[in-house]
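Me: I'd like to go through this one and ask where the labels come from. Can you set the values against the cut-offs for me?

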Amino acid sequence: EVQFVESGGGLVQAGGSLRLSCTTSGFPVDAYGMGWFRQAPGKGREGVSCISFTNGAIWYSDPVRGRVIISRDNAKNMVYLEMNNLKPEDTARYYCARGTCGSNFALSAWGKGTLVTVSS
């Protein structure tokens, strides 16, 4: 069974940092594009970042580029998202997902998410 368990969310002040973790099972993370998307209250899904399976290339969305770093530990089957200089507009539920990573992130499976709240 394919599973994703996200953790690391919470309440943080603007300018603060968080590190999200994703524990996966049921598939090897190095065989798929892996990444994160988010969904703010009342809004649609928005890709945040992903790592390509084919060449390891990394994509970041414009709103987060320069403030987040995605990484993957193949041995532990985990994916991480380090977020710095957080802004109130980053408030959302963040989901770990697998899919196709290129000029954006096309999703195929994801977890239940972890909530990030950034206060001003």
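Me: What makes C50 and C101 a disulfide?

Reply: Keep in mind that this is a predicted model. The sulfur atoms of C50 and C101 sit 2.0 Å apart. The cut-off is 2.5 Å between cysteine sulfurs, so the pair counts as a disulfide.

Me: Why is the disulfide of C50 and C101 called right-handed?

Reply: The torsion about its S-S bond is about 75°, so the C50 and C101 link is right-handed.

Me: How many disulfides does the structure hold?

Reply: Two. C22 and C96 form a disulfide too, with 2.1 Å between their sulfurs. That value is within the 2.5 Å limit, so the label holds here as well. The torsion about the S-S bond of C22 and C96 is -80°, and this link is left-handed. It joins distant parts of the chain: C22 is in strand β3 (residues 18-25) and C96 in strand β9 (residues 92-101), 74 residues apart. C22 and C96 are buried. Counting bonded cysteines along the chain, the pattern is 1-3, 2-4.

Me: Is D90 buried or exposed, and how do you know?

Reply: The relative accessible area of D90 is 2%. Buried means under 20%, so D90 is buried. You'll find D90 in the loop between β8 (78-83) and β9.

Me: Which backbone nitrogen does the side chain of D90 reach?

Reply: That of K87, at 2.7 Å. The limit for a polar contact is 3.5 Å, so this pair falls within it. Leaving out residues up to four places away in sequence, D90 also touches R38, V64, R67, N85, V116 and V118.

Me: What makes β4 and β5 a pair of strands?

Reply: Six bridges join β4 to β5, which run antiparallel. Pairing takes at least two bridges, so β4 and β5 qualify.

Me: How many bridges join β5 to β6?

Reply: Three, and these strands run antiparallel. I51 stands opposite I58 in β6. This hairpin has six residues between its strands, with G56 in the turn at a positive phi of about 75°.

Me: Which strands are joined to β11 by bridges, and how do they run?

Reply: Strand β2 (residues 10-13) is joined to β11 by four bridges, and the two run parallel. V12 is opposite V118 there. β9 is joined to β11 by three bridges and runs antiparallel to it, with T114 in β11 as the bridge partner of Y94. As for its faces, β11 has T114, V116 and V118 on the covered one, and L115, T117 and S119 on the uncovered one.

Me: Which residues touch the most other members of the largest nonpolar core?

Reply: W36, V79, L81, M83 and Y94, out of 26 residues. Elements giving two or more residues to this core include β3, β4, β8 and β11. Setting aside neighbours within four places in sequence, the contacts of M83 include L18, L20, V68, Y94 and V116. There's also a second, separate core of seven residues, with C50, A97, C101 and F105 among them.

Definitions and conventions
Residues are numbered from 1 along each chain as its sequence is written. This is a predicted model: local features need pLDDT of at least 70, side-chain atom pairs count only at pLDDT 80 or more; totals for chains, interfaces and linings use all residues. Side-chain values use heavy atoms; hydrogens and water are left out. Buried means under 20% relative accessible area, exposed over 50%, partly exposed in between (1.4 Å probe, protein chains only). A polar contact is a pair of N or O atoms within 3.5 Å; within protein, one must be able to donate a hydrogen and the other to accept it, and residues adjacent in sequence count only if both atoms are side-chain atoms. Contact means heavy atoms within 4.5 Å. A nonpolar core is a set of buried Ala, Val, Leu, Ile, Met, Phe, Trp, Tyr and Cys residues joined through side-chain atoms within 4.5 Å.
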